[in-house]
Amino acid sequence: MRRLKKRMQFLKAARGQKAVRRGFVLQAVPCSQNEPGIGFTVTKRVGNAVQRNRIKRRLRALSDDLSQNFHPNYDYVLIGRKEALHEPFSQLQQSLAKAIKKIHTSDRSEGRTGAGKSK
RNA sequence: CCAGUUGGUCGGGCAAUCGCUGUGACUUUGUCAUGGAGGAAAGUCCGGACUCUACGGAAACACGGUGCCGGGUAACGCCCGGCGGGGGCGACCCCAGGGAAAGUGCCACAGAAAGCAAACCGCCGCGCGCUAGUGCGGUAAGGGUGAAAGGGUGCGGUAAGAGCGCACCGCAAAAUUGGUAACAGUUUUGGCAAGGUAAACCCCACCGAGAGCAAAACCAAAUAGGGUUGGCGCGGUCUUUGACCGGUCUGUUUCCAGGCUAGCCAACCGGGUAGGUUGCAUGAGACAGUUAGCAAUGAUUGUCCAAGAUGAAUGGUUGCCACGUAUAGCUUUGCUAUGCCUUACAAAAUCCGGCUUACAGACCAACUGGCCUU
């Protein structure tokens with residue numbers, strides 16, 4: 001797994017597909033690199049430094065566990081929400097797997113309809 | 001036993017499994033070993049170390065800061081010990097605590113008056129008047145206003161009063177005693193003058209360059225631009241080397257001297273961006289002892305090396321125990337079961353010394369007051 005570090009990469013991902021869940025928001029955008037990339041964002045609105053760090057760690061552990069589910073040639077960004085602090089870990093795992101699935105199914109269908117619309 | 005004061009310590013533990021990161025080793029790209037948040041890491045409010053910039057020295061002025069005395073310290077606006085004032089029965093706590101007789105300003109509302117005093121109601125005397133009262137003068141005891149009204153209490157004194165006089169208290173000055181000093185005590189004298197405000201200007205004493213690790217140093221792509229050298233070429237005239245005449249630069253003018261005088265190509269050089277390395281973890285260091293000191297702290301001996309990330313590591317998940325809490329049940333000093341944001345406040349970012357603020361709860365020591373027993 002590649003880590004996203006540049007501001008540009010995050011801005012690009014924000015314009016891509018989006019899936020909102022209770023504990024987090026998942027964004028995804030195609031990229032040229034074969035290895036999937038992942039970045040984390042936890043804003044100051046969520047809490048103080050201790051809570052933000054904890055959310056980031058849980059999300060990182062989450063993405064490490066489910067690294068097989070991420071598609072190659074894609075960049076992902078996980079935005080932490082307050083509920084990620086206390087939601088059970090197994091539940092977070094399920095919702096992340098579902099969120100990835102949803103993004104890629106809707107992406108394919110939208111690709112087809114989008115192509116049709118452009119014509 | 002209850003209530004309290006001060007100082008200090010800790011602020012979950014163990015295990016399994018999957019990871020992150022620093023260091024070391026090696027059969028060198030993976031394995032092993034080992035280290036990995038706090039008392040406030042926080043706020044960024046003071047003081048330093050360190051780095052760069054500026055700077056000949058010194059003084060003055062301006063600006064900012066500090067402000068009882070002595071000590072500690074690398075330094076401080078910090079700490080310790082005293083002094084003075086205030087609070088508490090007490091242990092103890094609190095104080096932005098220099099100067100208001102150098103000057104200027106301000107003192108809302110109320111009140112007659114807010115400051116080299118003045119006089120609203122009063123009180124007293126004299127004149128006028130039958131009385132009610134009124135004119136002039138004296139006075140500041142009483143009333144009323146206010147945060148504050150030109151010492152306080154008592155006696156004398158007086159027309160009424162007043163430091164007008166006296167006693168005590170307060171205040172000031174001088175002498176003297178104790179103390180390093182702040183200051184305290186005593187005596188004498190003075191005569192009641194000197195309201196508050198300096199987190200108003202100000203005066204006095206002392207201190208003070210600026211910016212900060214995104215400091216700074218080094219290595220160093222691509223692109224653009226710069227310099228040096230060489231080649232071709234190079235304002236005008238002469239047949240080339242070159243010479244002369246021009247132009248321009250060396251601050252200006254004259255003289256002398258020297259350099260450069262379109263452009264293109266190649267090689268080399270240095271600055272510098274992305275990026276990387278250092279800075280950067282051995283330090284005003286930690287722990288234990290001895291010793292000087294009332295203490296802060298100093299001296300000294302021994303042992304030890306204890307986080308170093310950079311979209312930012314130090315964790316995710318699970319089990320057991322301890323603690324706390326809520327609910328329910330019971331053979332109600334208590335026990336059992338179940339649940340919990342399984343803990344409070346909060347996470348290093350160059351490093352130290354402080355201050356301030358936040359903090360569920362647990363524990364230790366010394367001391368104070370009260371009750372009971374002996």
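Which element gives the most to the surface near RNA strand B? In this predicted model, that element is helix α2, which supplies 8 residues of the surface near RNA strand B. Of the 119 residues of chain A, 21% count as buried, and among its contacts between residues at least 6 apart in sequence, 79% join residues at least 24 apart.

**The surface near RNA strand B**

- RNA strand B is surrounded by 18 residues, and the closest of these are Arg-7, Ala-49, Arg-57, Ala-61 and Phe-89.
- Helix α1, which covers residues 7–14, strand β4, which covers 37–41, and helix α2 each supply at least two residues of this surface, with α2 giving the most.
- When the residues of the surface near RNA strand B are sorted by class, 6 are nonpolar, 5 are polar and 7 are charged.

**The sheet**

- The 5 strands form an open sheet in which the pairing is mixed, and the order of the strands across it is β1-β4-β5-β3-β2.
- The edges of the sheet are formed by β1 (residues 2–3) and β2 (residues 17–20), each of which pairs on one side only.
- Helix α2 packs on the sheet and touches β3, β4 and β5, and the direction of this helix makes about 145° with that of β5.
- Strands of a sheet pair through backbone hydrogen bonds, and the pairing can be either parallel or antiparallel.
- Strands β1 and β4 pair in the parallel sense over 2 bridges, and within this pairing Arg-3 has Ile-38 of β4 as its bridge partner.
- Strands β4 and β5 also pair in the parallel sense, over 5 bridges; here Ile-38 has Tyr-76 of β5 as its bridge partner, while Thr-41 stands opposite Ile-79 of β5.
- Strands β3 and β5, by contrast, pair in the antiparallel sense over 7 bridges, and Phe-24 stands opposite Gly-80 of β5.

- Strand β5 is mostly covered, since 7 of its 7 residues are buried.
- Tyr-74, Tyr-76, Leu-78 and Gly-80 point one way from β5, whereas Asp-75, Val-77 and Ile-79 point the other way, and all of these residues are buried.
- The largest nonpolar core has 19 residues, and those with the most contacts inside it are Phe-24, Leu-26, Leu-59, Tyr-76, Val-77, Leu-78 and Ala-84.
- Two or more residues of this core come from each of the elements β3 (24–30), α2 (49–65), β5 (74–80) and α3 (89–118), and of these β5 gives the most, with 5 residues.
- Leu-59, one of the residues with the most contacts inside the core, is in contact with Phe-24, Phe-40, Leu-78, Gly-80 and Ala-84 once its neighbours within four places in sequence are left aside.

**Two partly exposed residues**

- Leu-85 lies in the loop between β5 and α3, and Leu-85 counts as partly exposed because it has 15 C-beta neighbours inside 10 Å, whereas a buried residue would need 20 or more.
- Not counting residues up to four places away in sequence, Leu-85 touches Gln-51, Arg-54 and Ile-55.
- Leu-85 and Arg-54 are 31 residues apart along the chain, and their C-alpha atoms are separated by 7.1 Å.
- Gln-94 lies in helix α3, and Gln-94 is partly exposed because 13 other C-beta atoms lie within 10 Å, whereas an exposed residue would have 12 or fewer.
- Gln-94 and Leu-66 are 28 residues apart in sequence, and in space they lie 9.7 Å apart, C-alpha to C-alpha.

Methods. Residues are numbered from 1 along each chain as its sequence is written. Chains are lettered from A and ligands numbered from 1 in the order in which they are written. This is a predicted model: local features need pLDDT of at least 70, side-chain atom pairs count only at pLDDT 80 or more; totals for chains, interfaces and linings use all residues. A nonpolar core is a set of buried Ala, Val, Leu, Ile, Met, Phe, Trp, Tyr and Cys residues joined through C-beta atoms within 7 Å. Helices (H or I, at least four residues) and strands (E, at least two) are DSSP runs, numbered from the N terminus. Two residues are in contact if their C-beta atoms, placed from the backbone, lie within 7 Å. A residue is near a molecule or strand if its C-beta atom, placed from the backbone, lies within 6 Å of it. Ala, Val, Leu, Ile, Met, Phe, Trp, Tyr, Cys and Pro count as nonpolar, Asp, Glu, Lys and Arg as charged, and the others, Gly among them, as polar. Two strands pair if DSSP finds at least two bridges between them. Axes are lines fitted to C-alpha atoms, for helices over the stretch in contact, and angles run from 0 to 180 degrees between N-to-C directions.
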